[in-house]
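Dear colleague,

I am handing over the structure below, and I would be glad if you could look through it before reading my notes. The notes follow directly after it.

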Amino acid sequence: MQVHKYDVVIVGAGGAGMRAAIESGQRARTAVLTKLYPTRSHTGAAQGGMCAALANVEEDNWEWHTFDTVKGGDYLVDQDAAEVMAKEAIDAVLDLEKMGLPFNRTPEGKIDQRRFGGHTRDHGKAAVRRACYAADRTGHMILQTLYQNCVKHNVEFFNEYYVLDLITVEEDATKEDGTPYKQKRVAGVVSYDLASGEIHIFQAKSVVFASGGLGKIFKTTSNAHTLTGDGMAIAYRAGIPLEDMEFVQFHPTGLAGLGILLSEAARGEGGILRNSEGERFMERYAPTIKDLAPRDIVARSMANEVREGRGCGPNKDYVLLDLTHLEPEHIDAKLPDITEFARTYLGVEPYTEPVPVFPTCHYAMGGIPTNIKAEVLQDNETVVPGLYAAGEVACVSVHGSNRLGTNSLLDINVFGKRAGIYAAEYAQGAEFVELPEAPETFVVDQLQMLRDATGSERVGAIRAELQETMDANMQVFRSEETIKEALAKIGELKERYTQITVQDKGRRFNLDLLEAVELGFLLDMAEVMTVSALHRQESRGGHYREDFPDRDDENFMLHSMLYKDPEAETEGIQGIRFDTKPVVFTRYEPMERKY
Amino acid sequence: MSTATVENEPASTVDLGESGDGAGAIESFEVTLKVRRYDPERAEDAWWDEWTLTMYGTDRVLDALHKVKWEIDGSLTFRRSCAHGICGSDAMRINGRNRLACKTLLKDLDTSKPITVEAIKGLPIEKDLIVDMEPFFQSYREIMPFLINNSPAPTAERLQSPEDRERFDDTTKCILCAACTSSCPVFWTDGQYFGPAAIVNAHRFIFDSRDDAGDMRLEVLNDKEGVWRCRTTFNCTDACPRGIEVTKAIQEVKTAIITRSL
């Protein structure tokens, strides 16, 4: 076992992690630990764009962007954070351009902008051109540009190092009002080197979580195989609460049956959705902005069309994305990758045929609670000194109950940058927290147990059953009955998880073993997600309860906060404590959400 | 831009014809997967394993590998992440050709014969289909793969015409999967050669109107392990899963070295 010492350790090398690393690396001794190679991160799969009110092609301003973000999130957004994001969006885009990002350009040579779902002019009057983009590979360009700049700044990467535990200590402390409490402090992380199978401890003054989401809880997802909720699960096990975990975004246009993402840019560029009757059904659900309504509304409308018998295909289980009225040259220039996906994976030619699509699990709005400095909270207001989170793993909360398209590429850049700066500044003025005795014990024991287990269960089977039940019961329509069904299944699978066998007993590149560890993360996060969904007896944003179809501001205009606590019980599940946190309002009063 | 508002609103309802019905049920078929295994913890030499699997019309080689790993032999080891050809993790040699396993549909291969899968060539094999990528990224880093612009930055963006942006568009698509470099016969015999991917990434900056360091990069690639090692076999272009005209990019770099007369 080796012990390393760095001022700042960043966990994850997608957009948020590398944006943080560029800042932190220039200010403090920084290591980036990533379970993949940096350029494999799923930021690279983002397609459509990154919104900022540059006003390069039409009138726009950041206040409108803030409003759209708040309304898009069905008012569960912390408005101070949304304001920071929309304001700093402009510099975030310009930073990337100066780093070399090849944005599409206007005839005058400025960064071009296009329409995207939920982004409007003057508080909902009409769709606005706000998304800066590079064809339909904006995420790819962001990931490459950030990696290029990490190379430029000699950022130190530890590739294929899986972070499996967060090392914290607790100190007795007293609040201002005199109440005693346990103050958490971060001391470092425990990681596992895939190549050698060895444990490496990284002692650090600051730790930044930027490890992405958990889409693999579901079967149909646009997410990578590696998005297994590691960061959230590790923080949760270390006693950090998780916020708003019931809110999952289902992207309307996944390739039917496969879940592969087809960007909302397809609709931003003029594509529309049709049902089996050839009808542009979004005219009924969102008369003003139609196919460019926010994702939760479009996804639900699609699922409803299918449910009411107007789905397409032999099983009537998808709808169609129609681009056939667009010029092929326009499609080639603006949407080259996604049209290639349709050809490669479904054998459909988008020039002449509509593309089969259905909602696909895309994004976790919830995550590790942070404030606008990207500092992690151990309860509603207490910061854990030296611990930061940014990007999908975090919940700051700029997305509320439904994220607007492009706002995640923005989130990772704005809050990734902030996390990097604040983590480095904190480290410059702080001492190392002394490592507790044998901090690797939990991980070593867990790996040993998985290696030695001789049960009859297989990781692949349990994961597949988890994904099936989540697709069936926790997708765009939920009810007490379906959620409880999922919860019961998760309980059964957690039990069976203790009886698994890992076939690969080797030390080197043992991905069999790591998939078992990842399954543990998935099961924990699925449980938290379902318990949180059961508790929220209302419909808001991405969380739709058929038994409570309306938004209920009186009882539920609150963030959910779930804690791991052996003493507690929530919704009949032992070991979870439920609490709420107020939403931050600045200038917008909740209104009915119509488009 | 005034063009923004001139758009034809598509019809509210159209006759879908057959596209509303979709193609029939997805067909299943048998396929034999033959994988070259290597694990120094288990045996000194590499060996081949074969599995016969029932797969479906939309399945890719990656699905077959997963089926083996998840249902039959958990020790089968390979990298993968996004599973739709954008992260570049799963470049491998499939029936003797470099491809991404997640972008290669089984039905597009000859399933009457076993499908062979091997690690990409020219990089040290670590375990099964996993190779050491470090030499590959080392070459990439040497061409200074980042924008260098020494003039003071404007407050807004640097301007670039759509034509200037288009000039290097093709090479911005690279996902660093190494399919090109590890298909290059020169790279197989001379591991010091920069290889196509590094040259592609140099091209991306050399032809970017905002970049000031083109000459420095050309100097690096004028080295004896640089572009002149390329023998124009087009393997790299054939291998690129992103459809980048790799050989053409290398040729353009060669021409630039000559015309900028270093």
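Which domains does the domain assignment of chain A give? The assignment, which is automatic or taken from a database, gives domain 1 (252-361) and domain 2 (441-575).

Before going further, please keep in mind that this is a predicted model, in which local features need pLDDT of at least 70 and side-chain atom pairs count only at pLDDT 80 or more, while totals for chains, interfaces and linings use all residues. Residues are numbered from 1 along each chain as its sequence is written, chains are lettered from A and ligands numbered from 1 in the order in which they are written, and side-chain values use heavy atoms, with hydrogens and water left out.

**The two domains of chain A**

The C-alpha centres of domain 1 and domain 2 of chain A lie 30 Å apart. Eight residues of domain 1 are in contact with seven residues of domain 2, where contact means heavy atoms within 4.5 Å. The area buried between these two domains is about 600 Å², with carbon and sulfur atoms giving 59% of it; buried area is the accessible area (1.4 Å probe) that two parts lose on being put together, summed over both. On the side of domain 1, Asp296(A), Arg300(A) and Arg307(A) lose the most area to domain 2, together 69% of what that side buries.

One salt bridge is found across this interface, the term standing for a side-chain nitrogen of Lys or Arg within 4 Å of a carboxyl oxygen of Asp or Glu. Arg307(A) forms a salt bridge with Glu546(A), and their closest N and O atoms are 2.9 Å apart. Helix H8 (295-307) and strand E14 (355-364) of chain A are the elements that give two or more residues to the side of domain 1 that touches domain 2, and H8(A) gives the most, with six residues. Such helices (H or I, at least four residues) and strands (E, at least two) are DSSP runs, numbered from the N terminus.

**Chain A against chain B**

Between the chains, 79 residues of chain A are in contact with 80 residues of chain B. Together the two chains bury about 6600 Å², 50% of it on carbon and sulfur atoms. In chain A, the residues that lose the most area to chain B are Arg40(A), His225(A) and Tyr345(A), which together make up 12% of what that side buries.

Seven salt bridges are found across the interface of chain A and chain B. Glu515(A) and Arg80(B) meet through their side chains in a salt bridge, at 3.5 Å from N to O. The elements that give two or more residues to the side of chain A that touches chain B include helix H4 (138-152) and helix H15 (511-535) of chain A, and H4(A) provides the largest share, seven residues.

**One residue of chain B**

Phe78(B) sits in the loop between helix H1 (61-71) and strand E3 (91-94) of chain B. Is Phe78(B) buried or exposed? Phe78(B) is buried, because its relative accessible area is 3%, and buried means under 20% (1.4 Å probe, protein chains only). Leaving aside neighbours within four places in sequence, Phe78(B) is in contact with residues including Leu511(A), Leu62(B), Met92(B) and Ile130(B). The C-alpha atoms of Phe78(B) and Lys127(B), which are 49 residues apart along the chain, are separated by 8.1 Å.

With best regards

Notes:
Buried means under 20% relative accessible area, exposed over 50%, partly exposed in between (1.4 Å probe, protein chains only).
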